[in-house]
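Read it alongside the coordinates.

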Amino acid sequence: MSDFQTLHQTQDEYGPLIVLEDKETRILAFGENDEQSKLLKATPHIPQHTYVQAMLLVLLYSQPKSAIVLGLGGGGLIHALRHFDAGIKLTAVELRADVIELAKRYFQLPLSKKLKVINQDAKLFLESGDHKRVDVIFADIYSADGVDAAQVSESFIAQCAALIKADGYLVLNCWKEHSQNRELLAYLNRYFVEVRACLTGSGNWVVFAGKAKREISASGLKTKAQALSQQLDFQLGRSLTRFDVWQ
């Protein structure tokens, strides 16, 4: 990242927080050689990470009126969802208060009455159960060391399931290694009716757990993906080729 200049650097109880930029891009990092969020300044609604693009495949199955995002980062997912449908009621839960401030200050976080940002540990947020049920929960809880272990635990999956409507979805951003985690798959099958997953080119394993079964043919998915790509302003085709039932 030699071409990048440091816009902001600070430290909180969880570690470093760094904002880098070049002419087109801003990056949020939690340490050296780390890239938590990446934003194109001219088109902040277009996700730059393939795992964020993959997480949006859930929109092929769900037209959410409400969603919870666990782990805000630079707000890339919020940007994309807001561009897709400005009417979705979004709740973002973020552990680090400084991350929320940086998302607002440097990453054009699209603030509105439809977005509620909560500074809280996602695990405590879920345990309290103090929220109306939503159509989709996106879980993307990472530190500089990787996926938070809680995100792949049975209690986390169960608490998410309790907050999701009868035809809703849980979307988990995990690592490629989690594709071999049979315990995680068993937990998901316990609380959801069908489980799909997508392996991204960047080595993420993005999981989609649905409470209702939806049968869409391969050609039907392709047609929907083309229409959704136009709405989102980027091509979903690459993610779709790696998207299948996890079994």
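**Helix on the sheet**

Helix α3 (residues 97–106) lies across β1, β2 (15–21) and β3. It runs at about 160° to β1. The model is predicted: local features need pLDDT of at least 70, side-chain atom pairs count only at pLDDT 80 or more, and totals for chains, interfaces and linings use all residues. Residues are numbered from 1 along each chain as its sequence is written, and side-chain values use heavy atoms, without hydrogens and water.

**Terms**
- Helices (H or I, at least four residues) and strands (E, at least two) are DSSP runs, numbered from the N terminus.
- Angles run from 0 to 180 degrees between N-to-C directions, with axes fitted to C-alpha atoms, for helices over the stretch in contact. Contact means heavy atoms within 4.5 Å.

**Sheet**
- Four strands form an open sheet, ordered β1-β2-β3-β4, with antiparallel pairing. Two strands pair if DSSP finds at least two bridges between them.
- β1 (5–12) and β4 (37–40) are the edge strands, and each pairs on one side only.
- From one strand to the next, the twist averages 10°.
- Strand β3 (residues 25–29) is joined to β4 by four bridges. L28 stands opposite S37 in β4.

**Positive phi in loops**
- Most residues other than glycine have a negative phi.
- Q108 is not a glycine, yet its phi is positive, about 55°. It sits in the loop between α3 and β7 (115–119).
- D233, also not a glycine, has a positive phi of about 80°. Its loop lies between α7 (218–232) and α8 (237–240).
- Q108 is partly exposed, with a relative accessible area of 36%. D233 is partly exposed, at 42%. Buried means under 20% relative accessible area, exposed over 50%, partly exposed in between (1.4 Å probe, protein chains only).
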